[in-house]
Amino acid sequence: MGRNRLVLTLRNHLVHGKPQGLDIQGEIFFLSSCHHTCTSSLYSFFIHFSSCKSSSIFIQMIPQQESDFDHNYLKPYYGKLFPFADIFKWMTYGHDGKHPGCDQSYFGRREFSFTLKGDFYLRFQSFNNALELENSIKEKCPLKIDIGPVYTVDPAKRHAYAQGDNNVFAPVERELIFDIDMTDYDDVRYCCRGADVCLNCWPLMTIAIKVIDTSLRDDFGFKHILWVYSGRRGVHCWVCDGKARRLTNEQRASIADYYRVYKGNENSHKKVSLMGAALHPFLATSYTNVLKDYFEKILLTSQNLLATEERYEKILSMIPDESIASELRGKWQDSRRSSSAKEDINVVRWEQCKQLLQSGKHKAQGLRRCVEEIVFFFTYPRLDMEVSKHMNHLLKAPFCVHPKTGRVCVPIDPNQCDEFDPTTVPTLFQLLEELNNEGLRADVNGEWNGTSLGNAITLFRSSFLEPLQKACKEEIERSYNLKLQQSKNSVGW
Amino acid sequence: MEIVRPQSHRNLFSSNDAVSVPSLPLYRSAPPLEVRLEDFESFAIDRLRVLKGISDGLSRGKKPEEMEKLVKELWKVNMRHQHASEVLNKDIISHFVLRLVYCRTEDLRKWFLSMECALFRYRFRFLTPEAQRAVMDNFDLTCRAVNNVEFESIKEKLGQVARSMGQPSPTVDAIFYKVPFEEVPELVAGRKVFISQGYAYVAMNQVVSLVATLFRSQLSKTLILTNRVAINCCRKWTSSIREQEKHRLTPIVEALSSSYLGPDFSQPREYAEISLKDIDQVAKSSFPLCMRHLFDKLKEDHHLKHGGRMQLGLFLKGVGLNLEDALAFWRAEFSKKVGLEKFEKDYSYNIRHNYGKEGKRTDYTPYSCQKIISSTPGAGDQHGCPYRHFSEENLRAALSRMGVNSRAMEDVMDKVRNRHYQLACTLTFEALHGMTCDAGINHPNQYFSDSQKILQPKKDSSAQNLVTARE
């Protein structure tokens with residue numbers, strides 16, 4: 001096996017809908033489903049596989065790196081793969097100078113910021129055209145690129161305009177953004193902690209995307225929404241409609257608060273409180289269409305939420321009626337192994353819990369919404385309020401590479417978000433290897449086309465950029481014609 | 001507006017505001033009125049009293065019902081006029097004069113905008129339904145009422161929203177207004193409206209919020225315009241106006257923007273002036289729990305994070321610690337941890353900033369209970385309201401350190417459980433001082449001054465005794 005310690009990176013594979021958690025790390029491509037057990041010894045693990053009956057198993061062993069990232073590899077990434085033209089097209093929002101109604105200064109007033117190696121931070125970078133943007137990034141090779149707001153004037157010239165009290169340098173447009181981070185869910189997931197993410201807890205992100213995306217469209221009427229994988233443990237959302245870009249801080253805060261359900265810190269006890277005789281339609285719809293099913297059909301079992309005493313006590317502590325809690329505790333303490341080993345213990349216990357809470361026998365105060373509160377606590381999206389509330393908040397650009405994981409921040413299709421797998425997102429190494437294998441091919445579409453990045457960029461263009469550009473052009477034309485009309489009227493004979 | 005000499009009494013009146021809105025003007029345009037010079041100043045000062053009163057009430061954390069009463073009282077007392085017909089004139093004139101004064105800087109604009117909007121909101125509530133309807137007409141709202149067909153299609157959702165707030169479902173004849181969600185941020189934030197395709201459906205009893213937002217955005221825009229116009233006018237004014245006129249008005253305008261008319265603890269009372277050597281003693285006897293905690297932590301760690309420095313620093317300023325002593329106080333603590341040089345470099349600037357000696361030169365006011373309670377201390381922070389932000393365990397420990405007996409402790413914890421944080425603090429005060437505090441605690445500096453009021457007389461008398469004994 002060689003002197004280097006070969007470590008296999010294993011991907012949790014969904015077999016028959018049930019996640020198979022495996023401890024050893026290895027990259028294995030299952031071409032047919034095969035049940036297996038893992039052993040702690042690396043060598044015996046290897047032996048087990050090679051003796052496995054199914055002949056279609058293919059094992060690829062790759063040498064373990066510190067992480068899938070190396071700063072030197074950013075140069076070829078920016079050189080050949082990063083989609084500069086697409087980012088530029090997006091950021092111009094139709095103001096590309098091709099229509100008389102275009103605002104030529106628009107792109108130049110957008111702030112970018114670069115995080116360079118050694119923690120150097122360059123803010124208020126601005127560019128007049130795509131080439132300047134591209135050259136600057138290729139030259140500086142930033143570890144991270146952030147996008148800020150569009151200001152009243154070119155950020156590079158801000159000092160000239162910030163005089164005394166009347167600050168003329170201020171943000172005028174900024175996408176409505178959301179940042180959802182898995183660490184905010186640490187108190188409801190048992191499979192991972194902190195920066196780790198696996199397929200058992202990723203559904204929490206899927207839920208967040210579904211709930212927020214639906215509401216942004218149905219409730220607020222937004223249409224141009226981009227969801228992006230943050231590269232490690234979360235997702236970002238960019239709402240790019242004109243209406244969204246022109247929202248004030250107060251309006252952004254109001255939307256963030258509209259979405260806020262979980263409130264609390266280590267000192268407080270009850271973090272989800274759903275009062276009232278009914279749920280607000282938004283919460284009710286989210287519960288019925290998304291939260292309930294994900295909780296009951298996926299998270300209950302994958303997180304073993306009621307399987308052990310420690311875990312079920314957590315849920316029991318959320319029941320304000322002590323008599324119900326003790327009744328359930330009594331049932332569960334005794335039945336370690338229930339008679340029917342077929343049905344998952346979590347499912348069984350949840351049914352018992354629901355029955356007691358919803359039976360109507362106990363009409364105690366605060367019991368009315370207890371079931372929903374528990375479900376919301378374990379599933380409802382937790383947004384970072386501060387990110388959304390201020391126009392000047394910077395957010396990482398799509399298609400950056402995450403320095404800790406090497407993964408590219410690729411777009412996520414909200415309509416197919418159930419199928420998104422963060423563990424298969426292309427990494428920097430993987431992409432460069434693919435490039436090498438493809439040879440030097442001058443593809444008119446860009447060299448990403450032959451790589452795993454191709455799908456990501458195609459998705460970005462077809463589902464987001466193209467409809468957005470079309471809408472922007474229409475808007476520019478409309479307001480231009482309106483201005484013409486108004487000036488005609490004022491001249492009028 | 002034309003400023004006339006005292007002898008002239010003519011008051012032309014043809015503001016379109018008044019015609020459509022007899023009781024609540026929208027101040028859309030400066031009316032062609034003639035104003036006597038003395039009225040120019042006195043009307044403005046009367047209105048300023050109202051606005052400052054509102055500001056004071058809000059910073060003391062008064063609840064909406066209390067604010068309503070307060071506004072009614074303030075308006076009645078200050079904005080009346082001997083001639084009933086002049087009441088509206090006074091209203092309009094005073095607004096526009098203050099607008100001229102407060103449009104000049106960002107901070108002044110912000111303050112004026114907040115107070116005028118609060119005033120408008122409460123006054124709107126007092127209007128008769130017809131008068132309210134008239135205001136809404138002015139904002140083109142009546143045409144956005146939801147028709148029956150649409151109402152039927154969303155009735156169930158509207159019912160859900162109402163019931164989620166503990167209200168009954170809307171009846172068939174209920175009126176709802178369909179407005180872009182951007183116009184009702186408060187209602188959106190609280191999930192108090194049904195929203196669909198970018199429109200919020202606002203119930204009649206929520207219209208105040210909507211109207212207030214529209215008023216605010218209208219006033220905000222005009223304030224900035226007023227500033228530009230005023231700058232231009234001033235240039236023309238100072239160059240072309242007669243010397244006499246300039247000297248009459250400019251001083252008045254200058255004085256108005258800096259006058260203060262009430263206690264906001266930015267000016268310390270005499271008996272509360274403390275010096276460096278007193279601090280340890282008064283901290284034990286008269287600081288409320290939030291400040292005591294910060295003070296103790298500072299002594300323990302020789303450091304506080306920004307939130308804590310602001311909350312405690314401004315409190316000490318309000319209590320009477322002057323800048324020199326404040327610098328000495330913080331220096332003594334911080335230099336033990338970060339060293340003298342770093343203190344001078346990184347921290348002393350902020351202390352001077354708090355006293356209005358740096359940067360914008362804003363003289364910051366100490367935080368009220370409302371502000372402290374609504375703060376969100378994070379990891380490593382010690383500020384905030386312990387009654388709200390501490391766990392029961394920690395709070396009990398802190399209270400017993402302060403000397404609260406076990407019986408009082410239970411009463412306090414009961415209040416805390418019911419989220420009456422200020423009442424909990426009041427009970428603590430009463431337990432420690434052996435006296436009732438009828439007004440209730442609304443401001444940490446109020447706790448301090450009330451405490452000193454009780455303790456001081458005893459202090460004075462003991463000092464007296466000392467003197468006589470010596471003699």
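A residue counts as buried here when its relative accessible area is under 20%. With that in hand, let's look at one helix of this predicted model.

Helix H12 of chain B covers residues 289-301. Just past the helix, B:His302 takes a positive phi of about 55 degrees.

Which residues of H12(B) are buried? They are B:Leu289, B:Cys290, B:Met291, B:Arg292, B:His293, B:Leu294, B:Phe295 and B:Leu298.

B:Arg292 is worth a stop. This arginine belongs to helix H12 of chain B, and B:Arg292 is buried because its relative accessible area is 12%, against a cut-off of 20%. Leaving aside residues up to four places away in sequence, B:Arg292 touches B:Ala283, B:Lys284, B:Phe287, B:Arg401 and B:Met402.

Now for the packing partner, helix H13 of chain B (residues 306-319). The axes of H12(B) and H13(B) are 10 Å apart and meet at an angle of about 115 degrees. The two helices are therefore roughly perpendicular to each other, and their crossing is left-handed. Here is who makes the contact:

| Helix | Residues in the contact |
|---|---|
| H12(B) | B:Cys290, B:Met291, B:Leu294, B:Phe295, B:Leu298 |
| H13(B) | B:Gly308, B:Gln311, B:Leu312, B:Phe315 |

By type, the contact residues come out as 7 nonpolar, 2 polar and no charged. As for spacing, an α-helix has 3.6 residues a turn, so residues three or four places apart point the same way.

Notes. Residues are numbered from 1 along each chain as its sequence is written. Chains are lettered from A and ligands numbered from 1 in the order in which they are written. This is a predicted model: local features need pLDDT of at least 70, side-chain atom pairs count only at pLDDT 80 or more; totals for chains, interfaces and linings use all residues. Side-chain values use heavy atoms; hydrogens and water are left out. Helices (H or I, at least four residues) and strands (E, at least two) are DSSP runs, numbered from the N terminus. The expected span of a helix is 1.5 Å times one less than its number of residues. Buried means under 20% relative accessible area, exposed over 50%, partly exposed in between (1.4 Å probe, protein chains only). Axes are lines fitted to C-alpha atoms, for helices over the stretch in contact, and angles run from 0 to 180 degrees between N-to-C directions. Angles under 35 degrees count as roughly parallel, over 145 as roughly antiparallel, 65 to 115 as roughly perpendicular and the rest as oblique. A crossing is left-handed if the near helix is turned anticlockwise from the far one by less than a right angle, and right-handed if clockwise. Contact means heavy atoms within 4.5 Å. Ala, Val, Leu, Ile, Met, Phe, Trp, Tyr, Cys and Pro count as nonpolar, Asp, Glu, Lys and Arg as charged, and the others, Gly among them, as polar.
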